[in-house]
Amino acid sequence: MQSKYKVQLLRGYLLMAGLGVAWLAQAAPSLPEEMLLWLTSGWLCITAIMLDFSHRRPAMVPWQLLPSLLLAALIWVAPERYQTWLWAWALLIMLPQPPWMGGVNALLASVTWWSLAAGERLPLAALTGALLAGMMTLGLARNLELQGLRAMSRHRVRLIPGLHLWTSGRLIQDLPSERARAQREGIHAELVLVRTSLLDLWPLAQRLCRFSRRFENCYRLDRRTLALILIDRDAEQAGQRRQDLLTMLGDVRRFRASALSRIESLGDEIHAMNRQHATVTVIREFNP
Amino acid sequence: MTDLLSRVSRLQAMVFAAGALLMAVHGLWLYLMGDYSRLILPATTVPLMVLAAILRMGRNEPSRLSSYLVLIGGYLLIAVELIQPSGQASLWLGLPPILTLLVLPLGPAILLNTALAPIWVVLLGELPPDPRLVIGYLTLVVMAGLVPWEVLRQKALMRVTDPGDDECSALNALSLHDRLYSESQRAGFLDQPLAVLVLHLPQLEMAGEQFGPKARQALLDAVCQEVEKRCRDNDLLGRESSEDFWLVLPDTSENGALLVAQRLEEGLQDVVLLETGQVEVRLTPCILRAGESPEHFEQRLMARTQHLADP
């Protein structure tokens, strides 16, 4: 599935742009400019290295704020050389970003426009401003398109193409239906929550997906917590699989397995895990 | 989604109209100043922009013609500005590549930007041109292309990770096969029966061709709604190909599947659509055999679907 979209091509392009800016940096006539261009080049290269085709890193805000700040700083430091780039604001507003970030971009754009327009004749400054505003609105229109797409599918997307790893929103939907299904079919289903460290999360998620059968979904709840619904014929078999799972996981911070029939809500369950004293807690089915 | 798209196209049409207004004001000012020789620019760009706005207004699909009209208007404006010795050449030089990227898809935009680079340089009038200006322009073109590219990547990612179909509330083929595989594995593992109803909509293609996309959508929605109404929470409706659907019924025996098929047929008989009339659907159940592998079952289902489509 990876081959459907050529992420390597974009990576190469990013690196090329990074090298181009680095070349500009070493030829820059003044020190502040040189520093800013080196920063830009570094940003491009690091982005290229981090790039992958998954929802693992949704657009991180501080990381996206950097190009806006760099552009503003460059126009501010040497307007005569970088005024060509003024129009790039219309593109930066096209990137997926939270509303306040769009506000910051608009603000920076008007500040840089003002710093350029201050020394100009009024009609020219007004024309530049009007054109910039119009182009930024076009960028915003493109942004809206993408945001609509994201809003529609945010709750149902897989996090990595081809892997049965889903978002927490999906687990909230799945919990009641899996519970009803387990009850009707007379099988044993339990929710396993695993708390790990920030760095271990993604490797662990992949291992969890490999361990689970295809019909047992895995979920990423937050930056340190994963979930898995285990489905077995009866409680005995479930106990065996839980043991296998614990052996496979090795060292984790917290582990909590609860029969689906005993779960009130996902929020309560996470709360209970946060408070549990033992590393491993198992809540068994209620037998009257 | 269509709502959003129409909002987007309205927004774009408004910007184009504002551009036309701006040029009209500019023309009026030139006229009042008695500068008749320069009137030709607003006189050509205003109609172009107005036409572009009108073309963009009516429809949700981006219209290529209106994009090109806007580009021509923008290019003319820049070309005239570049020729004048205002000292602002480097400012104006940045506008055309960005405008191109804003209104055209990435590929054509990059081609056009590269092709136009020498023209802008010649219009600047200095030969040989200032290398710094040329490099600045090229860097801008390269860097600016990154943004639409990132947007494309996000869209592609959304497409491959979203299990839903584009047109209706069923699963798409990719996730349907994925879910079918896992459901057959689950059935084998828990010793449960598994049934799949194969649905074929013979009217769909005809509805699209004769009555347009709205009739086609109405038909799809009617079928999806009816299936949703008649089925349990765990039953999965997926779209195998444009006219064929698979309804996966976990823990259902052959008798159960026949019952579901009968109920569905009866339910769909009551649905009468404006253009296409009574909804016609061909149904056939297919049961997972004991010990059958998911792959084999899938192949059997595909053969059954093919058989149903051309009887």
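A crossing of two helices is called left-handed if the near helix is turned anticlockwise from the far one by less than a right angle. By that rule, α1(A) passes α7(B) in a left-handed crossing. The model is predicted. In it, chains A and B meet in a contact that takes 56 residues from each of them. Helix α7(B) gives the largest share of chain B's side, 22 residues.

**The contact between the chains**

- Chain B contributes 56 residues and chain A contributes 56 residues.
- On chain B, α1 (2-33), α4 (89-93), α5 (95-103), α7 (131-161) and α8 (173-190) each supply at least two residues of the side that touches chain A.
- The largest share of that side comes from α7(B), with 22 residues.
- By class, the side of chain B that touches chain A holds 32 nonpolar, 14 polar and 10 charged residues.

**α1(A) against α7(B)**

- Helix α1 of chain A spans residues 7-26.
- Its axis lies 10 Å from that of α7(B), and the two helices pack at an angle of about 150°.
- Angles over 145 degrees count as roughly antiparallel, so α1(A) is roughly antiparallel to α7(B).
- From α1(A), the contact is made by A:L10, A:Y13, A:L14, A:A17, A:G20, A:V21 and A:L24.
- From α7(B), the contact is made by B:I135, B:T139, B:V142, B:M143, B:L146, B:W149 and B:R153.
- The contact of α1(A) with α7(B) has 11 nonpolar, 2 polar and 1 charged residues.

**α5(B) against α7(B)**

- Within chain B, the axes of α5(B) and α7(B) come within 10 Å and cross at roughly 20°.
- That angle makes α5(B) roughly parallel to α7(B).
- The crossing of α5(B) with α7(B) is right-handed.
- B:P97, B:I98 and B:L101 of α5(B) meet B:L140, B:V141, B:A144, B:G145 and B:P148 of α7(B).
- The contact of α5(B) with α7(B) has 7 nonpolar residues, 1 polar and no charged.

**The sheet of chain B**

- Four strands form an open sheet in chain B, in the order β2-β3-β1-β6, with antiparallel pairing.
- The edge strands are β2 (236-239) and β6 (282-287); each has a single partner strand, so one side of each is left without a neighbour in the sheet.
- From one strand to the next, the twist averages 20°.
- Strand β1(B), residues 194-200, is joined to β6(B) by 6 bridges, and the two run antiparallel.
- B:H200 has B:R282 as its bridge partner in β6(B).
- Helix α12 (residues 294-309) of chain B packs on the sheet and touches β1, β3 (244-250) and β6 of chain B.
- The direction of α12(B) makes about 30° with that of β1(B).

Terms used. Residues numbered from 1 in each chain as written. Chains lettered and ligands numbered in written order. Predicted model: local features only at pLDDT ≥ 70, side-chain atom pairs only at ≥ 80, totals over all residues. Contact = placed C-beta atoms within 7 Å. Nonpolar A, V, L, I, M, F, W, Y, C, P; charged D, E, K, R; others polar. Pairing = 2+ DSSP bridges. Axes fitted to C-alpha atoms, helices over the stretch in contact; angles between N-to-C directions. Parallel < 35°, antiparallel > 145°, perpendicular 65-115°, else oblique.
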